[in-house]
Amino acid sequence: MTSQRLLTAYTWAFLIFMFAPLLLMVLSSVNDTSPPSVTQWEGLTGKWYAYFWMPEAEMRADPVLRALDRDRFVGCFGNSLYIAAFVVPLSLILGLAGAVLLTRWRSRANGLLWWVLLSPMLAPGIVLGLSALVFWGRLGVNAGLFTIIMAQTTFVAGYPMLILMARLQRQPIELEEAALDLGATPFRVFRRLTLPYLFPALVSAGVIAFMASMENYNTTMFAKGGACTFATEIGAMARNPNGHPPVINAVGTVIIALTVLAATVHTVLARREAKL
Amino acid sequence: MRGNDVTLDNVSITYPNGFRAVHPTDLTVQAGEFFSILGPSGCGKTTILRAVSGFIEPSGGRVLIGGQDMVGIGPNARPTALIFQNLALFPLMKIWENVAFGLEARGLSRRARRARAEKLLDLVALGDQADKTPSELSGGQRQRVAIARALAVEPAVLLLDEPLSALDLKLRQHMRAELRAIQRQTGVTFIYITHDQGEALTMSDRIAVMNEGRIEQVGTGDEVYSAPATAFAASFVGEANRIDGRVVAVNGDLAEIDTALGRFRARNPIDLGAGDAAMLFVRPEAMRLGHTENGLSARLMRRDLEGAFLNLFFDAQGIELAVHVTNDGQVAIPADGAAEIGFPSGRAVILPAGPLARTGQEMVA
């Protein structure tokens, strides 16, 4: 009985620690005060959200928003999308290759390969960022969007690999053998059987790779040189000595909403897949 | 379609972990034959099948199909088609696409593939199911799709790996007849893997009995059942009473064996000599009640009525002996169960002492 109560208390404490900050962030994103506050209620506002499409004149009139560089922020966000547009397909291709290798190529080296392929995910992000910086610097490539793409891909590729491996392991090997036995070349087996089977997993792996790329801070920070991304720019804004503008809270709230949406889509896809 | 012969020339297969799944084996399957490999699970029968289909390269020896050495030829280039134990239908494809899959690789147009698939689905009585998916079909229907899919590539040899084991008894019996009919109709060589002696005996032209990586006997169903060549074959195929002993005299085709229950005379197909450790095998239906040749005293332990037949189980000094007799209303056993039973010499065999099938082994799915 006591243990039951302890467990309940622990669960609640866990949920509060996890969600209370998020709740405060959401609340302060609609509070008309800066720096963000929930104790000092100044009235409901949507202007922290509207900031991004607010007319120039209105923005200049606001003492907080006036100090921000909107064009730069939008530009950094655009950089992030640009980076993700490369990181997602690259990490899907690399992750798929790794997953096929680890599930279909039976060898004693598999155990070692598994750790080698996963080590970028486990390595500290700053190490990846630094090593990308140093490596490409030696090759004469200046730090920038390209080095960010390379640095992110090294560890983002691990997510698709794990997701695709889990799915490949559930596909009976006999299906591929049957196709081979019916005269198909290994390439045809892959295209007609393995790829369609992996499709739902590829979609969720793509979503997760996209989110990992967008939100990455530490690796990107080291590899970025003079460039900026969505995450590094929010980081820069948050370091404002006068407290960060609530625009960040609004952005955070939108990210939470998108994450919930993506998780829902993923669950629906997984359900549909389970029915097959 | 026309079948091809399959020859295993001194084929042996050792797995990378050192386990020898198949000891050096010679075997010839005739073109157009329905050939079964019968044995308990783990005996190496599936390994042989995979070597013929090309998924395993033999560690030694050669596999020949239609006289052609298959070394270095992959499963997608061999004139064989394999029906997997779990059927391995492609779950994301429609039934007709499953059947037509093998034709894609040959570059047939979609229209031609569809037409050919429909023809094959008609052959297996599934013409109206072409646009469904495998999950919408019953076990027996899926079974027939797998057969149609394999036949679509016009194989010279069809390899079947216990394809009926997932079906219930009734369907299994029905599918036996159907498989046999399809084999006759197409003339394709069938190599059928099973642990079920009933399947092997009812369908096959010839059977190979296999145990622990070795083929123990090859012959027609009648030969394997009535004239088993080894103790394993005698104990694995059908039921058999066994009495252990030692050969004391050889007498033409017959030999005499000394056992705990006395001296018996029986056929000696392996030419055992006096002094050899041996086992005497008699089928329950070959046993007789009353004072007969090779008689012995026993006590009735159990009597199972099967309607037309009676299964009587006797104990003779700790050895259980089964006797199957027709229920002609004249089977009379005294109240204390003591009876004289025996068997004709021509219906019993003396074989070298050797490994036996474990009890109930043939039941394992």
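## A pair of helices in chain A

In this predicted model, helices α4(A) and α7(A) cross in a right-handed way. Helix α4 covers residues 70–104 of chain A and helix α7 covers residues 145–156 of chain A. Their axes come within 9 Å and cross at roughly 40 degrees. Because of that angle, α4(A) is oblique to α7(A), since angles under 35 degrees would count as roughly parallel.

On the α4(A) side, the contact is made by A:N79, A:Y82, A:I83, A:F86, A:V87, A:L90, A:S91 and A:L94. Helix α7(A) contributes A:L145, A:I148, A:I149, A:Q152, A:T153 and A:V156. Sorted by class, the contact of α4(A) with α7(A) has ten nonpolar, four polar and no charged residues.

## Where chain B touches chain A

Chain B gives 17 residues to the contact between the chains, and chain A gives 17 residues. On the side of chain B, the elements that supply two or more residues are β6 (80–83) and α2 (95–104). This side of chain B has twelve nonpolar, four polar and one charged residues.

## Domains listed in UniProt

For chain A, an unreviewed UniProt entry lists residues 77–266 as "domain: ABC transmembrane type-1". In the model, that span is 81% helix and 0% strand, and its end C-alpha atoms lie 24 Å apart.

For chain B, an unreviewed UniProt entry lists residues 6–237 as "domain: ABC transporter". That span is 36% helix and 25% strand, and its end C-alpha atoms lie 24 Å apart.

Key
Residues numbered from 1 in each chain as written. Chains lettered and ligands numbered in written order. Predicted model: local features only at pLDDT ≥ 70, side-chain atom pairs only at ≥ 80, totals over all residues. UniProt positions renumbered as here; feature names shortened; annotations may be inferred. Helix = DSSP H or I, 4+ residues; strand = E, 2+ residues; numbered from the N terminus. Contact = placed C-beta atoms within 7 Å. Nonpolar A, V, L, I, M, F, W, Y, C, P; charged D, E, K, R; others polar. Axes fitted to C-alpha atoms, helices over the stretch in contact; angles between N-to-C directions. Parallel < 35°, antiparallel > 145°, perpendicular 65-115°, else oblique. Left-handed = near helix turned anticlockwise from the far one by under 90°.
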